[in-house]
Amino acid sequence: MSTTGATADPLAALGALPGVPASVESVRKAVDRVYGHRIMRRRSNEITSEAALRGARGSAALSGADWALEEVRRRTDFGADAEARVVGAALRLTAEAGQLLSVWRQSPLRVLARLHLVAAASKDDRVGRPRQAGEQAQEPLIELPLPDAGEVSGRLEGLADLIVAGTAAPALVTAAVVHGELLALRPFVSHNGLVARAAERLVLIGSGLDPKAVCPAEVGHAELGRASYLAALDGYVSGTPQGMAAWIAHCGRAVELGVRESTAVCEALQRGAA
């Protein structure tokens, strides 16, 4: 993870990068609008459930299983083939993330291990721990050079220390850094993209920005497309101020699109109740 200079709170420093404050403010306004919708005051549980489903669908799409929403909604067998297993993993992660909020700030590495266990749903002894020397990561979407196990260990510890210590950075910045770092490292032998997006979601919820989990950034990442996602990730990996700012802005746009999705759900429910 790169930062913009020596500081006790490097994530807060990222929040001051050119363009980032505007992204943070735009996201905050969008989130406030959906939380202020009249349907949210009466039927927020339904919005949360629908956002979870749509977020899981979006995350699976970015991992190569681009199913229609209604297909995800109706299916019950998620072990039939590779795509079905990806969708099943995304759904399990979305359900699990909300159960881990209390642990995240004290033990983020434990939470990441748990997320990988849930995603993989396997008895493979490589599951639920970071890659060891010589082990590769299966993540077909991302073709960046794979950091070795020693670098992964050091950077994961650094990320965990930042989270446990706390930061004055806006929630969007923290979520974007957690997401980007996990994609860059691919610390597990599989399911790294799904885990990274689940961790981003967990930060957005746990920070208080989206406490009811109705702003699924995964929807936005999928809507913006794989090419845009990878181009923005390249910026993060570059470590330059411009690249980091572009990644944070991309994540902000994804949250805004997730807000738009849930707003549309609110509007549909309102029309049905009229």
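Visitor: Is Arg 114 buried, partly exposed or exposed?
Guide: Keep in mind that this is a predicted model. Arg 114 comes out at 38% relative accessibility. Buried would need under 20% and exposed over 50%, so Arg 114 counts as partly exposed.

Visitor: And which residue does Arg 114 meet in a salt bridge?
Guide: The N-to-O distance for this pair is 2.9 Å, and a salt bridge has to be within 4 Å. The pair links distant parts of the chain, with Arg 114 in helix α7 (residues 108–120) and its partner in helix α5 (residues 82–97), 18 residues apart. That partner is Glu 96.

Visitor: Is Glu 96 buried or exposed?
Guide: The relative accessibility of Glu 96 is 16%. The cut-off for buried is under 20%, so Glu 96 counts as buried.

Visitor: Which helix holds both Glu 25 and Arg 28?
Guide: These two form a salt bridge, with their closest N and O atoms 2.9 Å apart. Glu 25 is partly exposed at 33% relative accessible area, and Arg 28 is partly exposed at 37%. They sit 3 residues apart, about one turn of the helix, and that helix is α2 (residues 20–35).

Visitor: What does Asp 124 pair with in a salt bridge?
Guide: Asp 124 is partly exposed at 28% relative accessibility. The side chains meet at 2.9 Å, N to O, and the partner is Arg 126.

Visitor: How many salt bridges does the structure hold?
Guide: Some share partners, joining Glu 50, Arg 54, Glu 70, Arg 73 and Glu 261 into one network. For the structure, the count is 16.

Key:
Residues are numbered from 1 along each chain as its sequence is written. This is a predicted model: local features need pLDDT of at least 70, side-chain atom pairs count only at pLDDT 80 or more; totals for chains, interfaces and linings use all residues. Side-chain values use heavy atoms; hydrogens and water are left out. Helices (H or I, at least four residues) and strands (E, at least two) are DSSP runs, numbered from the N terminus. Buried means under 20% relative accessible area, exposed over 50%, partly exposed in between (1.4 Å probe, protein chains only).
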